[in-house]
Amino acid sequence: MAEGWGSAAFKARVDEVLHRFVAAEADLLAAVDPTLGPVAEQLEAAVAFGKRLRAAFCYWGWRAARQPDSDALVRAAASMELVHAAAVVHDDLIDDSPLRHGLPTAHVALGGAVRHHPRAADAARSLAMLVGDLLMSLAGQLFATSGLPAAYLGRARPLWATLARDLVAGECLEILHTGVTPDTTASLKVIRYKTAKYTVEQPLLIGGVLAGADDRLRAGFSSYGLPLGEAFQLRDDLLGLFGETRHTGKANADDVHGHRPTALLAETWRIAGADEREQLRALLGRPDLDADDVEAVREVMRRLKAPDRVESMIASRVEEALGALHELDVPAPAAHALTGLAHSAAVRLS
């Protein structure tokens with residue numbers, strides 16, 4: 001990241017916390033029985049990569065409320081990355097995605113551990129589901145043992161229930177809307193609950209509430225965080241189909257193959273004519289899609305200028321987020337960092 005607020009140093013602090021904590025937990029798991037080794041390896045693999053944006057938003061929610069730098073807060077903020085790791089494992093499993101960060105996803109990687117199983121593919125998926133469950137549990141453990149005062153942690157605990165409920169709601173909405181007639185309003189609701197809230201708004205709120213932020217600051221965090229979180233996922237939609245796998249680390253046919261309710265597809269459908277809709281119907285969700293088929297979907301989108309429309313949606317949401325930020329009375333370092341994070345979240349290659 002290139003925000004200019006010491007992001008590389010912050011990421012290194014979060015990485016150290018995560019890698020040390022998860023490695024210790026993985027060792028404890030593997031010590032139960034040698035056959036658990038591959039499962040323990042996937043715990044560590046789940047936190048090996050990441051921009052640490054969610055931890056950064058939590059940290060700057062704390063600093064925006066005029067609290068000083070704190071190693072305990074960094075530990076608490078790192079727990080947001082374990083929530084994300086859990087969500088990624090579950091999301092890849094739900095979407096049957098083969099790649100993440102250019103490597104096999106958990107349910108693919110764990111296939112080798114269950115070759116003997118009479119239903120090997122199902123068994124590997126079950127193991128991946130349990131890896132995701134354990135990561136979510138570890139997120140709560142890291143937060144609770146961060147070293148922050150119990151009174152601070154108590155203030156933020158109700159937000160964890162909200163975070164989990166909204167994240168599950170978003171995942172369920174995506175499943176329920178997959179394969180149905182694309183609708184932009186429905187897609188934006190999926191984005192808000194599946195990604196925007198737990199990526200930006202809720203980490204900010206948790207950091208702020210830990211710091212004792214007042215109602216006005218918390219409302220400002222939501223006004224900044226929700227549109228920015230939506231911009232983040234809208235960018236992800238574009239990268240998912242038009243990005244290069246060498247940058248994104250993901251298979252770029254996933255959304256088309258899965259007929260997922262992305263805003264990009266919904267906007268394409270909204271402005272498509274009868275012939276274009278018929279062409280899309282023939283391609284979306286097909287199990288035998290090849291590269292030419294995916295390119296045909298891209299071509300329809302380009303012809304209708306759907307990517308440009310999504311770019312405009314991203315720009316307007318970033319502008320809305322920055323406008324809300326500028327209305328807040330926060331220390332200059334926090335304002336600078338949150339401005340940089342806004343651009344980093346919305347303008348990226350992966």
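Biologist: What radius of gyration would a compact globule with 350 residues have, and what does the protein chain here have?

Modeller: Please keep in mind that this is a predicted model. A compact globule with 350 residues would have a radius of gyration near 20 Å, and because the protein chain has 20 Å, the value agrees with that expectation. Along the principal axes, its C-alpha atoms fill a box of roughly 60 × 55 × 30 Å.

Biologist: How many helices and strands are there in the protein chain, and what share of its residues is buried?

Modeller: The protein chain has 16 helices and two strands. A residue is called buried when its relative accessible area is under 20%, and 52% of the 350 residues count as such. Among contacts between residues at least 6 apart in sequence, 76% join residues at least 24 apart.

Biologist: Which residues lie nearest the centre of the second largest pocket?

Modeller: A pocket can be read through the residues that line it. The second largest pocket, with a volume of about 230 Å³, is lined by 13 residues, and nearest its centre lie Asp-95, Asp-96, Asp-254, His-257 and Arg-260.

Biologist: Which helices supply that lining, and which classes of residue does it have?

Modeller: At least two residues each come from α4 (71-95), α7 (150-177) and α11 (254-258), with α11 giving the largest share, three residues. By class, the lining has five charged, five nonpolar and three polar residues.

Definitions and conventions. Residues numbered from 1 in each chain as written. Predicted model: local features only at pLDDT ≥ 70, side-chain atom pairs only at ≥ 80, totals over all residues. Heavy atoms only, no water. 1 Å grid on protein atoms, 1.4 Å probe; cavity = no way out; pocket = protein on both sides within 12 Å on 5 of 7 lines; lining within 4 Å. Points joined across faces, edges and corners; volume = space filled by probe spheres on them. Helix = DSSP H or I, 4+ residues; strand = E, 2+ residues; numbered from the N terminus. Nonpolar A, V, L, I, M, F, W, Y, C, P; charged D, E, K, R; others polar. Rg over C-alpha atoms; globule rule 2.2 N^0.38 Å. Buried < 20%, exposed > 50% of the residue type's maximum accessible area, 1.4 Å probe, protein only. Contact = heavy atoms within 4.5 Å.
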